[in-house]
2 protein chains.
Amino acid sequence: MKIVCIGSGNVATHLAIAFKRIGAELVQVWSRDRRSAEILAALTKAKAITDWKELDLKADCYLIAVKDDAIPEVAAHLKDVSGIVIHTSGATDMKVLAGSPAGYGVIYPLQTFSKTKAVDLTQVPLCIEADQPQVLEKISAIAHLISPLVSEASSEQRRVLHLAAVFACNFSNHLYALSSQLLEQHQLKFDLLKPLILETAQKIQSSLPADVQTGPAVRNDQETLKNHMALLSGSPELLNIYEVLSDSIKKMHL
Amino acid sequence: MKIVCIGSGNVATHLAIAFKRIGAELVQVWSRDRRSAEILAALTKAKAITDWKELDLKADCYLIAVKDDAIPEVAAHLKDVSGIVIHTSGATDMKVLAGSPAGYGVIYPLQTFSKTKAVDLTQVPLCIEADQPQVLEKISAIAHLISPLVSEASSEQRRVLHLAAVFACNFSNHLYALSSQLLEQHQLKFDLLKPLILETAQKIQSSLPADVQTGPAVRNDQETLKNHMALLSGSPELLNIYEVLSDSIKKMHL
């Protein structure tokens, strides 16, 4: 299978390397930034291109992993290709690829990628969608090459998944950041919280999060809630977050 | 070393078993609830008691792991003991134990315990405090028996740690619960988010959370923020949480 990778950021890098590893041929890596294209091309034995005129039109699959707002512009350059066009965005409707002559669809990897940290893609859920059943079949086969966790999701469902991921991951990470600031202000090391953070994430791998909720709000422990709010009286922003989330916990459980 | 365990809940169970495992002698387990005292006593080859009159006054250490608001009442029954009195609460001042004749202090394990899930206590940070240097030395030695991660924290620092743990863990877990509800409403499985949740918690084991923040708020991606808020327009509670946390992320990073 011949793949052209459009983009050279975190998602592009992890996917391109995963496809290369299972034996796919990465023919080209396109990026606006030549240096970045060359780095990923070198890693995957592909050719780096920055000019659309150089695009190989005969690949089996054009994998778009660029910023969401750049997808329409990229898609406009793929109107003459003979392969399937696939984007990888959680928040972008599949229809942005309409007009791709050989069909189009989505492979959305539900994971957070950093260039410096290896991710085992075989553990990453891939949500797929396609414009027609035959293309869905092909995209499913392509996705299964890198992960067994392949499931269908419509553009609307994918939007909800993306939003749910913001709650579960982006917001959780920010709560970690707020707690690390709080500890720093009191000469305490964030290291102290790391095992607890990991255990909290591990617990919900086998239990429903609502079933393992702990803390003063779910116990309706007024004394501790009052003490915590008093401790936060000098930080209106943290106090507001504390109240909003504690109220939400009470609402869910009481 | 002879230990009397006061309490038979999650924390009491994990600590008593850990001390038993390293060779300490659990002489008694006290609980208001006989059945619960008997279960933990059987696990640790101790004697179950419910009547304070039966309390062995000659143990080396009285470990209190009961609900925060029950600690003063329990402490009042320990005025004639010859061993150190130690509570295990994050939110309770050490002084609640004042009057213990052989000295007193705290061992606060920073972890979330469920009876049904084993926790490796050697990976759990223990924050200790004592009323006097010689007692601190003894408590430090006792704590080191079950974990190498022992550090000192004053009652005020422990309060802050407990509060920070609420942000990093109780609130994160609630965000997991909200996202699982959101997915359920759209016929999507919470399983899809589990690898992402775990990776988010793993990432901050070696990076500062503020340095690895991702998502639309930190990118100031107005388009996605607008779309997410539109998706939440029917859920005022989630919308409010979304706005409060997104604003807090922007404030920290922009």
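1. Over all chains of this structure, which is a predicted model, a search finds eight aromatic pairs. One of these pairs is formed by B:W30 and B:W52, whose rings are stacked, with 4.3 Å from centre to centre and 20° between the planes.

2. The two partners of that pair come from separate parts of chain B: B:W30 belongs to strand β2 (residues 25–30), while B:W52 sits in the loop between β3 (47–49) and β4 (61–64), so the pair ties together parts that are 22 residues apart in sequence. B:W30 counts as buried, its relative accessibility being 7%, and B:W52 counts as buried as well, at 17%; the cut-off that applies to both is under 20% relative accessible area.

3. As for the contact between the chains, chain B contributes 81 residues and chain A contributes 80 residues, and about 8,200 Å² is buried between them, 70% of it on carbon and sulfur atoms. Of the area that chain B buries against chain A, 8% is supplied by B:F167, B:F171 and B:L192, which is more than any other three residues supply.

4. The number of salt bridges between chain B and chain A is two, and one of them links A:K251 to B:E237, with the closest N and O atoms 2.9 Å apart.

5. On the side of chain B that touches chain A, at least two residues each are supplied by α5 (155–185), α6 (194–203), α8 (222–231) and α9 (236–253) of chain B. The most is given by α5(B), with 27 residues. Sorted by class, that side of chain B has 45 nonpolar, 27 polar and nine charged residues.

6. A last point concerns B:T92, which is found in the loop between β5 (84–87) and β6 (104–109) of chain B. Is B:T92 buried or exposed? With a relative accessible area of 12%, B:T92 is buried. Its side chain and that of B:S89 are joined by a polar contact of 2.6 Å. When neighbours within four places in sequence are left aside, B:T92 is in contact with B:D68, B:I71, B:H87 and B:R158.

Terms used
Residues are numbered from 1 along each chain as its sequence is written. Chains are lettered from A and ligands numbered from 1 in the order in which they are written. Side-chain values use heavy atoms; hydrogens and water are left out. Rings of Phe, Tyr and Trp (its six-membered ring) pair if their centres lie within 6.5 Å; planes under 30 degrees apart count as stacked, over 60 as edge-to-face and the rest as tilted. Helices (H or I, at least four residues) and strands (E, at least two) are DSSP runs, numbered from the N terminus. Buried means under 20% relative accessible area, exposed over 50%, partly exposed in between (1.4 Å probe, protein chains only). Contact means heavy atoms within 4.5 Å. Buried area is the accessible area (1.4 Å probe) that two parts lose on being put together, summed over both. A salt bridge is a side-chain nitrogen of Lys or Arg within 4 Å of a carboxyl oxygen of Asp or Glu. Ala, Val, Leu, Ile, Met, Phe, Trp, Tyr, Cys and Pro count as nonpolar, Asp, Glu, Lys and Arg as charged, and the others, Gly among them, as polar. A polar contact is a pair of N or O atoms within 3.5 Å; within protein, one must be able to donate a hydrogen and the other to accept it, and residues adjacent in sequence count only if both atoms are side-chain atoms.
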